[in-house]
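I opened a new model today and went through it from fold to single residues. My notes are set down in the order in which I looked things up.

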Amino acid sequence: MTATDEDLVLDGNAVAGTLAEIYGDDMTTVLAECASCGQVDPIGGLIAYVHAPGIVLRCTACSTVMIRIVQTTKRTLVDVRGKRIPAPPTTT
Ligand SMILES: [Zn+2]
């Protein structure tokens with residue numbers, strides 16, 4: 001891994017603002033359970049990749065994708081894979 005790659009790896013707090021826009025609330029303290037290995041972490045503690053493209057939040061234990069956010073000019077797509085994470089409000 002190069003230094004450049006490491007610069008792209010953040011934690012869930014880095015996308016707190018984006019999540020708050022989507023859910024209308026602070027999501028960083030909401031617990032997320034990995035659908036793959038059962039690891040439970042607050043969303044703010046997940047591993048975030050913000051240049052994926054879009055935003056990807058991964059499990060800290062097994063790197064399974066828990067949340068994927070893709071923002072287009074027309075709408076925001078949220079793909080929730082992890083357990084315990086509330087489904088995003090429906091946006092039209
Ligand atoms: Zn996991």
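**Entry 1, ground rules.** I am working with a predicted model, in which local features need pLDDT of at least 70 and side-chain atom pairs count only at pLDDT 80 or more, while totals for chains, interfaces and linings use all residues. I number residues from 1 along each chain as its sequence is written.

**Entry 2, the chain.** I counted 2 helices and 7 strands; these are DSSP runs numbered from the N terminus, helices being H or I of at least four residues and strands E of at least two. Along the sequence I read the pattern α-β-α-β-β-β-β-β-β. Of the 92 residues in the chain, 25% are buried. For that I took C-beta atoms placed from the backbone: buried is 20 or more other C-beta atoms within 10 Å of the residue's own, exposed is 12 or fewer, and partly exposed is in between. I then looked at contacts, meaning C-beta atoms, placed from the backbone, within 7 Å. Among contacts with a separation of 6 or more, 45% join residues 24 or more positions apart.

In which order do the strands of the open sheet lie? I found 5 strands in the order E1-E4-E5-E6-E7, with antiparallel pairing; a pair needs at least two DSSP bridges. Strand E1 (9–11) and strand E7 (76–80) are the edges, and each has a single partner strand, so one side of each lacks a neighbour in the sheet. Ignoring direction, neighbouring strands are turned by 20 degrees against each other on average, with axes fitted as lines to C-alpha atoms and angles between N-to-C directions running from 0 to 180 degrees.

E5 (residues 55–58) pairs with E6 (residues 65–71) in the antiparallel sense over 4 bridges. I looked up two partners in E6: Ile 69 for Ile 55, and Val 65 for Arg 58. E6 also pairs with E7, antiparallel, over 5 bridges, and the hairpin they form has 4 residues between the strands. Arg 68 stands opposite Asp 79 in E7.

A nonpolar core here is a set of buried Ala, Val, Leu, Ile, Met, Phe, Trp, Tyr and Cys residues joined through C-beta atoms within 7 Å. The largest one has 18 residues, and those with the most contacts inside it include Ile 43, Leu 46, Ile 55 and Met 66. Strand E4 (47–49), E5 and E6 each supply at least two residues of this core. Which residues does Ile 43 contact, leaving aside its neighbours within four places in sequence? I listed Gly 12, Leu 19, Met 27, Thr 28, Val 30, Ala 32 and Leu 57.

Most residues other than glycine have a negative phi. Ser 63 is not a glycine, yet has a positive phi of about 70 degrees. Ser 63 sits in the loop between E5 and E6, a hairpin with 6 residues between the strands. Arg 84, also not a glycine, has a positive phi of about 75 degrees and lies in the segment after E7. Is Ser 63 buried or partly exposed? Ser 63 has 14 C-beta neighbours inside 10 Å, so I noted it as partly exposed. Arg 84 counts as partly exposed because it has 14 C-beta neighbours inside 10 Å.

Conventions: Two residues are in contact if their C-beta atoms, placed from the backbone, lie within 7 Å.
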